[in-house]
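Please examine the sequence and the structure shown here.

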Amino acid sequence: MTTQKLRAGVIGCGQGASHGYAYAHAPEFELAAICDLKSDVIDTFFERSRLKRGSVREYTDYQAMLEKEDLDVVSVATPDDYHVNPVCDASNSGVKGVFCEKPLTINLKDADRMIETIERNGTKMSVDHTRSWVPIYQAVRQAVREGEIGELTRIVAHMGGRRSMLFRNGTHLVDAVCYFAEADPVWVIAAHERGFEDYGIEYKGEGGTDPMLDPASTLIIEFDNGTRGIVNIAKMTPAIFELDLLGPNGRYWVTDKHCTVWKTDQPEGSPKEVILPQAGGYGDYFGDTLIPAVQELAMMIWNNSPSSSPARRARNTLEVMLGALTSQSHDSAKVHFPLPRK
Ligand SMILES: NC(=O)c1ccc[n+]([C@@H]2O[C@H](COP(=O)([O-])OP(=O)(O)OC[C@H]3O[C@@H](n4cnc5c(N)ncnc54)[C@H](O)[C@@H]3O)[C@@H](O)[C@H]2O)c1
């Protein structure tokens, strides 16, 4: 392992402040530069990232930043419909790693272009489906991998509250289901919340500005290893984020802070609660949870180690959400993957 720090840059300084904070707090990195089109967003970047003005160079043109700064790693935290160009341009400029905000992008053509570009250039890439690096989720995935509850049969997942939107926030829940299933999706069935029956088959990237522009939806997802996900994203419910992982020998119920485990010695028997040491939950400050994510990106670059949140899984997550739109628009019909490319 080299001891030279990796030079990082951030494109998009709203949510990008959490990336700047993480690079500045990870010993593997030097945060060299940031870029946003809007000067007022750059002002708030320094408040939110808790960094001193003058400690990094500021740009309004990311191509100029890529040309001048000799960056090793670039974060892309522009709006959902504007990830594709900065990711591909950064990769083509020769950076070694890219950390892209979720959802990967808004359509499969862009997703394919991003993956084709980074794989051709050998650029390492992670997508900020943040729970991928939260210790409690990692510990549960490891336990499932080790067969603690037998082969995973069902994943029942809930997201609630006013900002329950399939794409903007629901991407975290759909991706968490893919994270635990560890398989490719085969088909999806979906039914949106009332009022969104005619939403259509395209996500236009407007979510986040207004929850009325991005539907809540209930999905059934079949994976190619036989695991089935039941995903309930619903407004007019409490603000929760939780997953129930079920196998013949037990159940893990996991939230952002806590996990409860039930096990049975007899497959399909009556489970009893098991007390386990708890791994850490979601970080308290918004950038804390990204520190292990950027540290992992350094290891991906230096040691060729895998990502906990790879772009290919993020594309599966996007494909499931787009498949859900198609299902809804065909009276909740079963939609098979891969979806046709336009
Ligand atoms: N992981 C999470 O939990 C989480 C939380 C919030 C947002 N996000 C994601 O982060 C991304 C950004 O979200 P946001 O809320 O900060 O959006 P935002 O619209 O508030 O900010 C995006 C910023 O990108 C800038 N930008 C756009 N084009 C640019 C360009 N060509 N060069 C430089 N800057 C450019 C805009 O000026 C804007 O300030 C979205 O994809 C969103 O889904 C993720």
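Strand S1 (residues 6–11) pairs with S4 in the parallel sense over four bridges; strands are DSSP runs (E, at least two residues), helices likewise (H or I, at least four), numbered from the N terminus, and pairing requires at least two DSSP bridges. The model is predicted: local features need pLDDT of at least 70 and side-chain atom pairs 80 or more, while totals for chains, interfaces and linings use all residues. Residues are numbered from 1 along each chain as its sequence is written.

Ile11 has Val76 in S4 as its bridge partner, and Val76 is in turn the bridge partner of Cys100 in S5. The chain passes from S4 to S5 through helix H4 (residues 84–93) in a right-handed β-α-β crossover (clockwise from the first strand over the helix to the second, with the strands pointing away from the viewer). In a regular strand, side chains alternate between the two faces of the sheet. Strand S4 (residues 73–76) is covered on both faces, with Val73 and Ser75 buried on one side and Val74 and Val76 on the other (buried: 20 or more other C-beta atoms, placed from the backbone, within 10 Å of the residue's own).

Elsewhere, nine strands form an open, mixed sheet in the order S14-S13-S12-S11-S7-S10-S9-S8-S15. S14 (272–274) and S15 (335–336) each have a single partner strand, so one side of each lacks a neighbour in the sheet. Within this sheet, S9 (residues 217–223) and S10 (residues 228–234) are antiparallel over five bridges.

Around the ligand are 22 residues, of which Gly12, Gly14, Gln15, Val41 and Glu101 come nearest (C-beta atom, placed from the backbone, within 6 Å).

Key. Buried ≥ 20, exposed ≤ 12 C-beta atoms within 10 Å, placed from the backbone.
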